Every structure is written in C-alpha cells, then in structure tokens.
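Open the structure in your viewer and keep the sequence panel handy.

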Amino acid sequence: MLSVISTAALHGLDAVAVNVETDITNGLPVFHIVGLADVGVKEARERIRSAVVNSGCRMPTARIIINMSPADVRKRGTHLDLPMAMGILADTGQILAEETRGCVFIGELSLDGTIRRVNGILPMLLQMERLGFRSAVIPQGNRREAGLVRGIDLYPASHLREVIDHFNLAAPLPRIGRDERQFPDGEEPGGPDFVDVRGQEYAKRAIVIAAAGGHGLLMTGSPSTGKTMLAERIPSILPRMNYEEILEVTRIYSVAGLLDEKLPYIMVRPFRSPHHSITPAGLVGGGAVPVPGEITLADKGVLFLDEFGEFDRGTIDMLRQPLENRKIEISRLSERFVFPADFLLVAAANPCRCGYYGDEEHECRCTASEIERYRSRISGPIMDRIDLHITLRNVRYRELTGGTSITSAQMREQVERARRIQEERFRGTGIQRNGQLDSRMAERFIRFDEDAQSRLGMLYDTYALNPRTFLKIRKVARTIADLEGAEQVRWEHIAEAVQYREEPPGRRSTVTETVSSAGEQAGKGKRRGGAEGWTE
C-alpha cells in the first residue's frame, strides 16, 4: 500500500509542508528518493537502512520509491530521515499507519537508530501549526525550542524504537501538552551597565534618543573616548522582549544553527559586533543555500560596527536597503528569500586613520589626502541613512571623578516610556517606532507647534537640506518630544535634533551653526531630560 507521512522543509526562515509518499513494490531492490531532494537528503538512504535494522525492524528488499511533494520545492536537511523511515515502516505494516495521520515527524537518524536534534525546527512547527496539525514527534534535543509553539502537542523521542512502540500502542511516548508548557517572557537586560561610564553626558543622551526611537547612531572620536564602551551597554537600556519577538529571533537563530540544549531560545536582545573584514554575504546573508547574515542575526537588537571606516565600502553600502526597508531580499535562480532586518545600527569610527584628527591633546599624523581618502570609505548615502551623528571628546578629570552615575535602569525607564507613547500613536499602522516613519507617515504623525512650524522652512531653504536629512531631523525631534511627554514638537526639540547631525572634527556643519543661538537651550533640554541625577 502507499503510505503518506507529514513533515516540513525549510525555505529560508520559513517552511513549507511536505508529504512523504512511500511506495514499495515487487522488483529489483532499489531505493529511490524523488521530489527535488538535494544530495544530503538522498544520502539518508544508508542512514535509514541501518537505523531501521538496528531498531529491530525489517528493511524490505524490494523496489522502494519515496516521493516528496510538492515536487517543485527543493528539499534540504537531515530532518527528513525520520519521516522517510516512518513511511517505509507504515508501508510494510510494521507500524499502525492510521495512527500516524495528522502527526508531524521531524528528526535526523544515526546508524544505530538514535534521533538527533536538527536545525530549523521552530519555523517548521510554526508552519504546520498554521496548517492545523496538532501533534508532532521531535528529537529529544529540540524539546525546549519546540516548546515555543503554542498549538502543538509534542512527543520528544530519543530513538526510532521508541517511536515504533508508540505508534504500535506498546509504549506511549511522553506527551508535552499545550497546557503544560510555560511560555517564556523576555529576560531583564543584563551585561555591562551605564553606571560604569563617567562623563560623555552628550553621548548618553544621544544613545537614549537612538534607543527610544530606533534611530541609527554614528559615534566619531579619537581612540579611548569610550565609543566601544558606550555601544556595549546599549542592550542594557532596551526594553525586554515580548513573546512575539522571542519567537521571531529564536526562529532566526534556529535556522542559523546557533541554538543548542543549553541555549534553546533567545531571551535577550541580540548584540552583534562583526569584524571589519566581514564579507558582504556574511553581513547581509547569502551562500549557495542562503543563510542569515549578521544584520538578520541582530534583528530586534543592536548591530555594532566598530572601526566603521575600515569596512570595505561595498560591504557598508549593502546596509542601504536594510536600513530603509527593514528586510533583506536575496534571489537564487527561481527562489526568493526574505530575511528580517529590524535592528538598531550603532557605528563607531575614528576621524582619520591615525585616529587623532581634531583631537585637542594629540597631533594628527595624517596628510590631507589620507584624511579625505579615509572618510570617503563611508559613502554619503549611508551617512544620510544614519539619523544621529555625534563626536566624542576626551573625558576630563573632573568628569571622570565627579560625573553623573546614571544607571542603565534609569535610562531604560526613559526609553520604555517613550516607546509606550509611540506604540499607542502607531497602533494599527504596522510600525512601532519613530525611526520607521517614511515621509508620508511623518506628515501624518509629526505635529509642530506654531513657532517650530514657522522656522522649519527657513531651516530647510537657507541651508539647502535634502529631503532625507530633513525627514531624519523631524523624526529625531519627534522622539525627543516623546521623551519629554510633549504632544507637539517644539523648536527646542528641533534644535536639539539638529545638534545630532554633526560632521566629524574639522568639518562643522553649517546646519549645526544655524541653531547655535538655540544650542544652549537644547543643551539644557538634553541635560534635564533624563532621570534623577542626569544634570551636570
């Protein structure tokens, strides 16, 4: 008879349902696997043969044909071993075939019949849940990761013999019911704390704004001004992850093979810091079978690019689409893969190759052409797409010994308060933060008072802003107003937002000069806009 076993196959970060059809007939003993299966799937023939025999069952010496439908979708992965073995056993009457209906099978087989953990089980189970399946046999090593799926009863198994006995009603597998599982909430952000950072109050304020509104941040400064130290602490001020975010990020890490029994799911926001020698495929994802890159691995978290000017210019330019669209699209022949890219970009760069151009205490050894060549490695379009540009100065002794000691918890409180305002504002629109606003939505959601509205035209026309830069300033000003709880954006919010469009040392922006008269007022806003203890 013909048996049909249900399973799934990965396609990027998503999955498709697959029916494993097994037909065993008289004839020369052959074992064919068809249905657009790759080489790794076809190698399963020998694993299945040994696993079935070593589990005390009979491997038929007949013509075995296994078809995986739909036949126009490529099948990859060792997780198809178990469903193929179950198809053979059902077709030969060695298990009760009717008991397998409505159940999903996922798992890799070793030669002795052990069922090994597999990558990508989370998106496969999510897809089968959407299709109405309510039970699944999975590897024991995947039980905690699979437990994130709410609508499926799980039957973890360590050996093929256990699965055979379960479906022959001899020894049932332990069931992990949907009502027995505790679905996790995000953990409290941990790691380094901003309480360790003395001085750099201007940078701390910019970081709060970046985290609150989801705005990209570029920090320029001499070595030892604290760029890396500040960046490493940004995850500690981001809000805890909710269930949907945990599910999305864990799905990415599951497909990338970065989970194990000790780390079954991702509970804190990712912080990814790739080396500047990374390839474009390593950053955005790719390969013969596309896998997530560092941008996608930073989804819902922070992507920190240290030594920004040392990255290959072509690699940096690959950030342009993800920063605008919050997703990455990769095409391979007839296949198209979409990876999420909702990350907070934080970059750090020296002002020149030696690092001391514009430094008040060290002499720069670079020539004018070397400085220009170093800066040109970061293209104008990328600079335009980063909302906040700040320059860090050396910390003075009085700041080191007497600066504020604001904690990450105090900063996170400001961020969470501003994000709650944004979530309420954008409810039902598909966006969550000001940094995601496009020009059309900015016109709808950013409201200015009379004074600010009258000055915007002067600011734009007199200093020849381009539309993208103008939009960035308005979005940052909206976030600053949210941090203060203001319904309308005022001129001092705009003035402060402009201060975060600094050029590197030696190239002071004329736009910044336009608000020099409001600079003191904006500076006061920056200092008073924090938690207790923020003032200098």
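A disulfide is counted here when two cysteine sulfur atoms lie within 2.5 Å. Keep in mind along the way that this is a predicted model.

**Stop one: the cysteines.** Select cysteine 352, cysteine 354 and cysteine 364. How far is the sulfur of cysteine 352 from the closest cysteine sulfur? The distance is 3.5 Å, to cysteine 354, which is too far for a bond. Now turn to cysteine 364: its closest cysteine sulfur belongs to cysteine 352, at 3.7 Å, and that is again too far for a bond. Cysteine 352 itself is buried, with a relative accessible area of 0%. A search of the whole structure finds zero disulfides.

Switch to a cartoon view and find the open sheet of five strands, whose order is 11-12-15-10-16 with parallel pairing. Its edges are strand 11 (271-272) and strand 16 (388-392), each of which pairs on one side only. Next, colour strand 10 (residues 217-221), which is joined to strand 16 by five bridges in the parallel sense. To see one of the pairings, select leucine 217 and its bridge partner in strand 16, leucine 388.

In soluble globular proteins, nonpolar side chains tend to be buried together. Here the largest nonpolar core has 61 residues, and those with the most contacts inside it include Leu125, Leu319, Phe343 and Leu345. Helix 9 (residues 243-255) gives the most to this core, with seven residues. Zoom in on phenylalanine 343 and show its surroundings: beyond its neighbours within four places in sequence, its contacts include Ile295, Leu303, Pro322 and Arg326. Another core lies apart from the largest one; it has 57 residues, among them Ile237, Leu392, Leu483 and Ala495.

**Stop four: a buried asparagine.** Select asparagine 434, in the loop between helix 17 (408-425) and helix 18 (439-445). Is asparagine 434 buried or exposed? At 0% relative accessibility, it counts as buried. Show side chains to find its polar contact with the side chain of arginine 425, at 3.2 Å. Leaving out residues up to four places away in sequence, asparagine 434 also touches others, including His215, Phe426, Lys475 and Asp482.

Arginine 198 sits in the loop between helix 6 (160-167) and helix 7, and at 32% relative accessibility it is partly exposed. For a sense of scale, draw a line from its C-alpha atom to that of glutamine 127: the two are separated by 49 Å. Glutamine 200 lies in the loop between helix 6 and helix 7, and it is buried, with a relative accessible area of 11%.

**Last stop: backbone details.** Most residues other than glycine have a negative phi, and most peptide bonds are trans. Glutamine 200 has a positive phi of about 55°. Glutamate 307 also has a positive phi of about 55°; look for it in the loop between strand 12 (302-305) and helix 12 (313-317). Finish at the peptide bond from serine 69 to proline 70, which is cis, with omega near 5°. Proline 70 is in the loop between strand 4 (63-69) and helix 3 (81-91).

Key:
Residues numbered from 1 in each chain as written. Predicted model: local features only at pLDDT ≥ 70, side-chain atom pairs only at ≥ 80, totals over all residues. Heavy atoms only, no water. Buried < 20%, exposed > 50% of the residue type's maximum accessible area, 1.4 Å probe, protein only. Pairing = 2+ DSSP bridges. Helix = DSSP H or I, 4+ residues; strand = E, 2+ residues; numbered from the N terminus. Core = buried A, V, L, I, M, F, W, Y, C linked by side-chain atoms within 4.5 Å. Contact = heavy atoms within 4.5 Å. Polar contact = N/O pair within 3.5 Å; in protein donor to acceptor, adjacent residues only side chain to side chain.
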